[in-house]
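Please look through the structure below with its side chains displayed.

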Amino acid sequence: MKPVDLVKELRRDAASDPAALDRGRKKLMAQIRSESTPRAEPTIVPQIPYHDLRAALAFLERAFGFREIESSRVEDERGEIGHAMMEFGNGIVGIGGQGGHGAVSPKSEGAVSQYLSVYVPDVDAHYERARAAGARIVMGLRDQFWGDRTYECLDLEGHRWRFHQKVRVVPREEWNWDSRDPNKG
């Protein structure tokens with residue numbers, strides 16, 4: 001709700017309940033503070049190349065719960081998307097066109113050259129969401145020796161994503177490196 005709308009509501013409520021004025025004033029001040037505090041920009045923003053940016057944006061939202069930052073979208077005169085930013089929690093990734101700055105999609109190269117790790121609040125539910133949306137699971141849910149529960153999947157163009165949830169604290173001296181899968185570690 002915008003501050004101006006909050007003021008209108010406050011006036012209306014205060015007419016019948018004087019205590020609403022105090023409650024509303026606190027709410028209004030909190031709203032004004034939150035709007036005037038700029039969001040901290042991340043210091044590292046990975047850029048991910050895709051052939052079909054519209055499909056990638058839709059997939060990342062549907063499968064992984066990312067949200068496009070609407071003000072970041074760059075389109076040409078034909079409406080073709082050249083770049084966009086997506087956020088998840090306090091992280092941001094850039095989604096760009098194929099070949100920008102020499103980066104190519106695994107769809108073109110036939111090989112994955114990197115993977116992105118993302119922490120989520122409920123990795124089991126996230127896994128089900130991603131699977132249902134068509135993400136190709138390449139490593140199912142598993143508890144890791146360092147205390148995370150993870151899974152890995154490929155998106156619609158073959159980018160590798162690893163999703164984590166911290167489930168327990170394991171002191172470093174108790175890490176069992178021999179328990180890891182050398183192909184998936």
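Which element gives the most to the lining of the second largest pocket? That element is β1, with three residues. This is a predicted model, in which local features need pLDDT of at least 70 and side-chain atom pairs count only at pLDDT 80 or more, while totals for chains, interfaces and linings use all residues. Residues are numbered from 1 along each chain as its sequence is written, and side-chain values use heavy atoms, with hydrogens and water left out.

The second largest pocket holds about 160 Å³ of space. A pocket here is an open set of points on a 1 Å grid over the protein atoms alone, where a 1.4 Å probe fits and protein lies on both sides within 12 Å along at least five of seven lines; lining residues have an atom within 4 Å of a point. Its volume is the space filled by probe spheres set on the points, which are joined across faces, edges and corners. The lining of the second largest pocket has 13 residues, and Pro49, Val104, Ser113, Gln114 and His159 are the closest to the centre. At least two lining residues come from each of β1 (47–50) and α4 (106–109); helices (H or I, at least four residues) and strands (E, at least two) are DSSP runs, numbered from the N terminus. By class, this lining has eight nonpolar, four polar and one charged residues, where Ala, Val, Leu, Ile, Met, Phe, Trp, Tyr, Cys and Pro count as nonpolar, Asp, Glu, Lys and Arg as charged, and the others, Gly among them, as polar.

The largest pocket has a volume of about 260 Å³. Of its 16 lining residues, Phe88, Gly91, Ile92, Val93 and Ser117 lie nearest the centre. Two or more lining residues come from each of β4 (81–88), β5 (91–97) and β6 (115–119), and β6 gives the most, with four. Eleven of the lining residues are nonpolar, five are polar and none is charged.

Turn now to the largest nonpolar core, which has 28 residues. Such a core is a set of buried Ala, Val, Leu, Ile, Met, Phe, Trp, Tyr and Cys residues joined through side-chain atoms within 4.5 Å; buried means under 20% relative accessible area, with a 1.4 Å probe and protein chains only. Among the members that touch the most others are Phe64, Ile95 and Trp161. The largest share of this core, seven residues, comes from α3. Leaving aside neighbours within four places in sequence, Ile95 is in contact (heavy atoms within 4.5 Å) with residues including Tyr50, Leu60 and Met86.

Across the whole structure there are eleven aromatic pairs, meaning rings of Phe, Tyr and Trp (its six-membered ring) with centres within 6.5 Å; planes under 30 degrees apart count as stacked, over 60 as edge-to-face and the rest as tilted. Phe59 and Phe64 have ring centres 5.5 Å apart and planes at 80 degrees, so this pair is edge-to-face. Phe59 counts as buried because its relative accessibility is 4%, and Phe64 is buried at 0%. Phe145 and Trp175 also form an edge-to-face pair, at 5.7 Å centre to centre and 80 degrees between the planes. This pair links distant parts of the chain, 30 residues apart.

Ring pairs also join Phe59, Phe64, Phe66, Phe88, Tyr127, Tyr151, Trp161 and Phe163 into a cluster. Within it, Tyr127 belongs to helix α5 (residues 123–132) and is buried, with a relative accessible area of 15%.

Technical notes
Buried < 20%, exposed > 50% of the residue type's maximum accessible area, 1.4 Å probe, protein only.
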